[in-house]
Each structure stands twice: as C-alpha cells, then as structure tokens.
Amino acid sequence: MRNKLITPITIDSLTAKYDLLKLDNDIALLDTMKMLPSMTEARRMSLCVFIGICTSGIVTLEVNNKRRVVSNRQVMVITDESVVDNIAFSDDFDGFGIFISYKMLHDVLSDVSYMSDIFLLSHNHPVFDIQDEEIEIAKQYFDIITKRILMPKHRFRKDVIRLLILSLLYDFNNAFDKVVNQPQKKDKQTRGERIFVEFVQLVENNFRAQRQVQWYAKQMGITPKYLSEVISTVSRRTPNEWIDKFVTTEIRNQLRHTNKKMSEIASDMNFPSQSFFGKYFKENVGVTPSDYRNGIEQ
C-alpha cells in the first residue's frame with residue numbers, strides 16, 4: 001500500500017520547480033547533477049525512472065532504506081515507487097541524468113527480450129560501475145536527445161527519441177550483464193532476491209497464459225502468501241503488479257505496432273472475452289484499448 005504522506009517526485013513537479021529541459025511529461029534532462037538539491041526529507045519516485053551517471057565526486061543517499069554511495073564512473077538507477085531520502089553531495093560532485101516516464105519506458109521496452117534483466121538490475125543493483133567509453137557514448141546519446149527535444153517541428157521527434165533511449169539501454173547492456181551475471185554478486189544474493197529473480201523470469205516466460213499468483217507460487221514450490229511477502233519486500237511491488245506490468249506492456253505493444261483486431265489480441269493474451277480484456281486494460285492503463293490505439297493516453 002502506498003504511503004500517502006511521502007511527497008512524490010514526478011517529472012511534472014521537477015520541471016515546475018527546476019529549469020529542466022523536458023519533452024511533455026515523458027522526459028526531463030539534467031545536464032548537470034549539481035542542480036539536484038540536498039534532501040533530508042523522504043520523497044517517492046512516482047510514475048518515472050531516474051538514470052544518472054556520476055562523472056566526479058560522491059553522492060550518498062538512502063534508497064528504500066538502504067544506504068547507497070555513488071562515485072565517479074558509476075550509474076545510479078532509481079525506479080518508480082522507490083523512496084529516496086538523506087541525499088548529500090560532495091563539493092566536487094557532478095554528472096548528468098535523465099528522468100523517463102513509465103509510460104515511455106513501457107513503449108521503449110516493449111520489444112526488448114531482456115526486460116527482466118533491466119528490472120532485476122534496477123531493484124537489486126541500483127548502483128553499478130561503468131567504463132569511460134560507455135560514459136562517453138551515454139553523453140553522446142544525451143546530447144542528441146537534447147537536440148531533438150529542441151526541435152519541436154521535427155515530425156518524428158518523439159519516435160526518434162524513443163529509439164535513442166532504446167539504443168542507450170542496449171549500449172548499457174554490457175554493463176547490465178557484468179552486474180547481473182557477476183558470480184560474486186550472485187553468491188551474495190539473499191533468498192528473497194533469488195526468489196524475486198526466479199519469479200520475474202517465470203512471469204516473463206508465462207504471462208500471456210498465466211496471471212494467477214497461485215500458479216507461480218506452485219511452480220516455485222512455495223505458498224502464495226510467502227511469495228507475496230517476499231516479492232513485496234524485495235521489489236516494493238506485489239506479484240500481481242509485476243504480472244500486470246508484463247501483460248499491459250505486451251498489450252500496448254500489440255495495439256501500437258500491429259493491426260490485430262481487439263478480439264485477436266484478447267485471444268492471444270488468453271482473456272475469456274473481449275469485454276473482459278477491455279475492462280482489464282482500462283483498469284490498469286487508464287484508457288480503453290481503442291483510445292490507446294488512437295493515441296489517447298492518460
């Protein structure tokens with residue numbers, strides 16, 4: 001259950017308070033992280049993700065009650081619903097970063113086969129090392145995205161930016177792999193983290209046909225209650241929220257990138273009827289499948 005007392009961090013609130021370059025409510029750019037204020041009061045990321053690259057100095061912060069230290073040549077990933085607290089910077093701290101809405105991230109990642117790796121990285125390893133050449137490439141992407149945002153008359157501006165973000169994530173994939181697949185990191189995983197990894201991978205492979213938490217718990221040999229407790233503790237999302245995330249991402253992809261009829265998509269995703277499919281999508285996305293296909297988004 002969300003804590004209503006913690007002030008949310010949204011792209012809209014950030015761009016209203018700070019002079020950040022933005023694209024609608026989907027992207028906000030930090031060309032220098034010196035713009036970030038020190039913060040002693042907890043804030044919750046809301047409907048967006050932050051990816052920041054430290055190029056000098058140190059920042060210390062708490063993410064979901066765990067102390068993190070980010071230094072030169074490290075990436076920090078803070079995901080939706082994460083609670084951030086006690087941020088403090090060294091005098092020489094700097095870097096650059098990007099806030100991406102979850103709506104855009106859904107669109108960007110809809111065709112990415114290693115989606116679970118990105119989820120696992122961001123929840124289990126929010127801070128990781130990056131090489132100099134990877135920083136240089138990331139900065140080049142950042143500069144191109146900046147230029148495209150400043151070209152409002154570019155007919156395909158948003159589509160180009162989506163592809164640039166996708167390319168950036170692909171180029172980060174080597175760094176992701178080093179963290180996710182590093183033997184010593186795996187050895188240090190808690191039982192809860194191992195359950196989370198197994199669960200997300202099971203969901204990724206079965207979400208089209210299986211949407212019941214009980215089914216996943218049975219495959220893993222644990223009770224649904226225990227699975228729910230572990231997943232909620234490790235990821236701050238319930239198993240149902242993870243399942244819904246994969247399902248709605250695939251539906252968005254089919255609505256945006258195919259000409260399938262609604263009845264065909266409902267059948268592909270194993271919904272009992274088209275009306276149930278439409279109700280499910282609207283409850284989770286906020287608009288009907290038809291409105292989403294026509295470009296109407298909440």
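Two residues are in contact when heavy atoms lie within 4.5 Å of each other. The exercises below apply to a predicted model.

**Exercise 1.** Determine which residues of helix α2 meet which residues of helix α10, and how the two helices are oriented.

*Solution.* 
1. Helix α2 spans residues 102-109 and helix α10 spans residues 239-257.
2. With the contact criterion above, Y102, K103, H106 and D107 of α2 meet K245, T248, T249, R252 and R256 of α10.
3. The helices pack at an angle of about 70°, and their axes are 9 Å apart.
4. Angles of 65 to 115 degrees count as roughly perpendicular; α2 and α10 are therefore roughly perpendicular to each other.
5. The handedness of the crossing of α2 and α10 is right-handed.

**Exercise 2.** Compare the span of helix α7 with its expected value, and list the buried residues of the helix.

*Solution.* 
1. Helix α7, residues 191-206, contains 16 residues.
2. The expected span takes 1.5 Å times one less than the number of residues, which gives 22 Å for α7.
3. From its first C-alpha to its last, α7 reaches 22 Å, close to that expectation.
4. Buried means under 20% relative accessible area; in α7 this applies to G192, E193, I195, F196, V197, F199, V200, L202, V203 and E204.

How values were computed
Residues numbered from 1 in each chain as written. Predicted model: local features only at pLDDT ≥ 70, side-chain atom pairs only at ≥ 80, totals over all residues. Heavy atoms only, no water. Helix = DSSP H or I, 4+ residues; strand = E, 2+ residues; numbered from the N terminus. Buried < 20%, exposed > 50% of the residue type's maximum accessible area, 1.4 Å probe, protein only. Axes fitted to C-alpha atoms, helices over the stretch in contact; angles between N-to-C directions. Parallel < 35°, antiparallel > 145°, perpendicular 65-115°, else oblique. Left-handed = near helix turned anticlockwise from the far one by under 90°.
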